[in-house]
Structure formats: C-alpha cells, structure tokens
Amino acid sequence: MNNIDIGIIVLFTLLVFICGMSFSKAGKNMKSYFSAGGALPWWMSGLSLFMSFFSAGTFVVWGAIAYESGWVAISIQWTMCIAGIIIGLFIAPKWQKTKAMTAAEFITDRLGYRTQKIYTYLFLLISIFTMGAFLYPVAKIVEVSTGIPINVSIISIGILILLYTSVGGLWAVIVTDVLQFVVLTAVVLIVVPLSFDKIGGVDAFISKAPDTFFQFVNEEYSPLFLVAFGLYNLFFIAGNWAYVQRYTSVATPKDAKKVGWLFAGLYAVSPLIWMLPPMIYRVLNPELSGLANEGAYLLMCKEVLPVGMLGLMLGGMIFATSSSVNTTLNISAGVLANDVYKHFRPNTTDEGLVKIGKLATIILGIITILIALFVPYFGGIVEVVMTLAALTGGAMFLPPLWALFSKKQTGASILSVTLISLTINAFFKFLGPTLLDLKLDRASEMGLGVGVPIVLLLCYEFYLTVNYSENKQYEAYTAQVAGKLVIVEDTTSTDNKRGTRVIGIGIAVTGLIILILSFIAATGAILVGIMGVVVASLGSLITYKSLK
C-alpha cells in the first residue's frame with residue numbers, strides 16, 4: 001500500500017469516529033442509549049441489521065469459501081434472504097409488540113427472572129466468543145493489506161470500536177453502520193467491473209474457472225447443509241438478542257416488518273455482487289491454500305483498485321466488519337445494565353444505569369480483544385464461525401423465539417430445551433470423535449444443531465397440549481404487555497433528524513473523497529468519478545431533507 005491509501009484509511013477512520021462520537025450527548029437515558037428512543041426510522045434499522053449480520057464474515061469467511069468453492073458461497077447467503085422474508089412477515093412485528101427494550105426483558109416478562117438469568121449468562125458467554133470471531137476478520141483484513149501484525153491490529157481496532165460504542169450508544173452503531181453500507185456498496189461496484197477487466201472479461205472468467213465453480217452445492221456444503229444452515233439463519237437473525245434490538249427499536253409493527261423485508265431484499269441481490277471478487281481472484285491466482293484463502297477478497301482489491309480507493313475499501317471493510325462487534329457490544333452492555341444490574345439495584349437512576357452500560361461496554365470490549373487473539377489457535381475463522389453456529393444457533397435462539405408464539409411453553413420447558421441441546425451438540429463436537437470414533441461432517445453438525453431443539457420443542461408442545469392446563473405465566477405476561485406504556489421521548493424526532501443529518505454529511509464527505517481520488521486514478525478514473533458524484537449527491541440529498 002502507498003501513502004495515499006494509508007492516508008485515506010486514517011481519514012475514513014477519523015470520519016467514522018467523529019460520526020460515532022457526535023452522539024456522546026444523545027444517550028442520556030436507557031431508552032435513548034440502548035434503543036435510540038424506541039422510534040428509529042425503519043430504513044436505518046434495516047441497513048444496520050444488514051451490516052451487522054452481513055459484514056461479520058463477508059470478506060474473510062464467505063470470501064474464503066467463494067475463493068475455494070465458488071457459487072456455493074452465494075447459495076449459502078441466499079438462505080439469509082429467505083430467513084429475512086419470514087422474519088418480516090411474522091417474527092419482527094411480533095417482537096415489536098412485546099414492548100420490551102431487550103430480548104432479555106421479554107424473557108423476564110414471559111418466562112420469569114430465573115429463566116432470564118441463566119439465558120443472560122449463556123448469552124454473554126457466547127457473545128464474548130462471537131465478538132472475538134467478528135473482530136478477528138477485521139484484523140486479518142488489515143494484516144493482508146498493510147502487513148501490520150494481526151495481534152497489533154486486533155488490539156488497536158478493538159480499542160477504537162469500544163470507545164465510540166461506549167460513548168455514543170445505539171445511535172453511534174446505527175449511524176456508522178449506514179455510512180459503511182453506502183461506502184462499501186460504492187467501492188464494490190467499482191471493484192467488480194475492474195476485476196472482470198483484469199482477467200479479460202466475463203467469458204474469460206467462466207472459461208478459466210474450475211469445473212465445479214458454478215455448482216450451487218458441493219460435498220462439504222451439501223443440500224442438507226443449506227437446509228440446516230437456512231434454519232439456523234432464521235433462528236439466529238430472528239432470535240439473536242443483538243438483532244432483536246433492531247425490531248424493538250422502531251416505532252410500529254409495520255416498521256418492524258419493513259426492517260425484515262429490507263434485510264431480505266439486500267440479501268437477494270448483494271451476494272451476487274459481493275462474492276464475485278474472491279471468485280475472480282481464484283482464476284487470477286489459484287495458488288492460495290490453507291488459511292491464506294481468508295485474504296482472497298483483499299488480494300483481488302489490491303490488484304485492481306486505483307490509488308486511494310484501496311484505502312477507502314479497507315477502511316470500509318474494517319468498520320463494516322466491526323459493526324458486528326459494536327452491535328453485540330451495545331446489546332450485551334444493555335443486558336448487563338437493564339436486566340442484571342437493575343434487578344439487584346432497582347432504585348438506580350437512568351443516568352446511573354447508562355454509566356453502568358458504558359462501563360460494561362469497555363469491560364466486554366477488552367475481553368473480546370483477548371478472545372480474538374486466540375482465534376488462530378481454534379482452527380481459523382471459518383471453523384470458529386461454523387462451530388459457533390452449529391453449537392449455539394438453534395439451541396440458544398429458537399426456544400425463546402418459540403415462546404414468542406406459544407401460549408403453552410413455560411420457563412422450565414424452554415430452558416431445558418436449550419440446556420439439553422447445548423449438551424448434545426457439545427458432546428458430538430468435542431467428545432464424539434474420541435469416545436465414539438464419530439466425527440460429524442459440516443452438514444450433519446449443522447443439522448444436529450438445529451434439529452435437536454426443533455424435535456424437543458415439538459415434543460414439549462405436544463405434551464403440553466395433551467395435558468393442557470391453564471398457563472398462569474402466560475396470562476401474567478399478556479397482562480403485563482397490555483399495561484406497558486411505550487413513551488416516546490420528546491427528543492426522539494430531534495435525534496432522528498440529527499442522525500439522518502450526520503449520515504448525510506458522512507456520505508457526502510465520502511463521495512467528495514471518491515471524486516477527488518478519480519483525478520489521480522491511473523485506471524478506472526471515469527468509473528470512480530461517476531461513483532463519487534453519485535455518492536456525494538446522495539449524501540447532499542439526505543442532508544437537505546434532514547434540514548427541512
């Protein structure tokens with residue numbers, strides 16, 4: 001990388017940091033700090049959901065799979081589109097109607113505090129490993145592009161993320177997510193045509209690609225795997241506490257539906273565009289092996305992007321991938337403050353709880369950094385992400401999601417499904433190969449992870465239906481929800497306009513940067529210039545509308 005690229009990275013980092021820190025005074029109470037006032041615009045929440053989920057492994061995890069297996073990476077991501085449609089139709093509006101600020105609050109209301117307490121400890125434990133798995137790809141991207149040692153990158157980027165997340169709360173997360181979406185979309189739309197041009201066009205790509213490169217499935221990622229992974233995505237996106245926050249932070253059930261549908265629409269189109277660069281790089285350089293293929297995406301970008309644009313791409317990748325970290329940091333801190341600390345200190349003021357939330361963000365951020373440092377010793381990021389998905393996705397998130405719709409389930413039945421499922425999954429993952437000489441393949445592991453909780457919940461539902469008795473726990477819950485008053489703060493409208501304005505200014509500045517870079521680009525100058533004008537115009541329009 002040259003000095004211009006490094007300068008652009010620094011400039012974009014500064015832009016994102018300023019946008020996040022500009023909300024330092026917005027989070028004066030719990031609802032503002034952890035749910036942006038409860039009336040977040042649906043398009044902001046939907047884009048943030050997309051970036052929080054999409055960016056977690058796009059460039060490293062899915063990029064590695066795209067380089068190795070081709071179209072399979074797109075097939076896997078299309079299961080997320082299907083999940084988004086179902087969530088938009090049925091699940092997101094249901095979450096919004098609970099009037100809960102966090103999923104933990106819903107579990108307390110619906111299943112009791114004892115059940116919530118165990119789920120909270122499990123969620124926080126799993127979240128620490130999840131955030132570590134999210135932070136590692138960011139550092140990997142930096143290492144591939146700049147040569148900075150991965151441990152140094154993990155520590156420095158981790159500190160930067162926890163700073164603006166702890167200060168700005170959910171608004172800092174949302175605004176930086178939307179900014180990153182626009183930046184990365186713009187840059188990828190430049191990367192793809194330049195990548196095709198590098199290898200001689202689309203026809204050359206198709207003719208030189210491996211014979212199996214355009215198959216929808218393969219031996220490792222089989223049809224059974226796609227079905228199991230699709231179910232996992234449904235449970236994970238619908239029930240993960242960090243993503244539930246996106247459905248509960250909007251004003252109405254109709255807005256919550258739009259959040260799910262926007263997510264689905266983006267996942268219908270984006271995999272086709274985003275997975276092409278690492279696939280094309282396979283044709284350009286088929287020699288990557290082992291963990292080296294984790295850098296395929298960035299290596300393609302380094303080949304084709306003009307001066308400065310690589311720095312912008314890298315900056316966007318860093319903070320887009322980081323959005324999964326700051327999203328989970330924010331909700332984990334919210335759970336600790338709202339659902340743990342507040343239980344023991346119920347008379348704590350809102351201002352005091354916000355301080356606890358900020359302190360929790362910092363502590364969790366430090367632990368996340370430590371976990372990320374150990375990812376290479378766990379077999380690489382693909383192994384870590386897939387193992388976490390199989391072990392915890394169905395077991396942790398499906399049972400509470402089931403209770404969202406079932407009138408019969410109790411805290412005991414829901415919690416037992418989670419604990420039994422986690423035990424079975426862990427046994428076959430860690431002890432099965434030694435004790436039974438049985439090692440499950442990727443599809444079987446994922447199938448077990450989602451299949452066991454489904455079977456257990458169906459059995460419980462049948463048993464509770466046959467032996468029907470009045471569920472006083474559910475009746476108490478419905479009465480509690482009916483009695484909840486959702487009071488939208490007077491500052492919500494102002495905060496929404498301010499958030500929109502910060503997004504608009506950030507996008508406009510980014511467009512101006514792209515436009516300036518077009519004048520020094522040796523290749524693709526016209527394409528870069530056009531994209532700069534489009535992005536700057538979009539940012540100006542958003543800013544103008546926020547001022548009206």
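The model is predicted, so local features need pLDDT of at least 70 and side-chain atom pairs count only at pLDDT 80 or more, while totals for chains, interfaces and linings use all residues. Residues are numbered from 1 along each chain as its sequence is written, and side-chain values use heavy atoms, without hydrogens or water.

I82, I85, I86, L89, F90, W261 and F405 make a nonpolar surface patch of about 660 Å². Such a patch joins nonpolar side chains (Val, Leu, Ile, Met, Phe, Trp, Tyr) within 5 Å, from residues with over 30% relative accessible area and no salt bridge; a salt bridge is a side-chain nitrogen of Lys or Arg within 4 Å of a carboxyl oxygen of Asp or Glu. Areas come from the Shrake-Rupley method with a 1.4 Å probe, and for residues only the protein chains shown count as cover. Helix α5 (residues 72-97) gives the most to this patch, with five residues; helices are DSSP runs of H or I, at least four residues, numbered from the N terminus. F90 lies in helix α5 and counts as exposed because its relative accessibility is 53%, where exposed means over 50% and buried under 20%.

Now step inside. M279, in helix α13 (residues 276-284), counts as buried because its relative accessibility is 0%. Leaving aside neighbours within four places in sequence, M279 is in contact (heavy atoms within 4.5 Å) with A66, G70, W71, I74, F205, F213 and F214. M279 and G63 are 216 residues apart in sequence, yet 8.0 Å apart in space, C-alpha to C-alpha.

Finally, the cysteines. C81 is buried at 12% relative accessibility, and C301 is buried at 0%. With a disulfide taken as a pair of cysteine sulfur atoms within 2.5 Å, the count is zero.

Key. Patches are made of residues with over 30% relative accessible area and no salt bridge: like charges are joined within 9 Å, nonpolar side chains (Val, Leu, Ile, Met, Phe, Trp, Tyr) within 5 Å. Helices (H or I, at least four residues) and strands (E, at least two) are DSSP runs, numbered from the N terminus. Buried means under 20% relative accessible area, exposed over 50%, partly exposed in between (1.4 Å probe, protein chains only).
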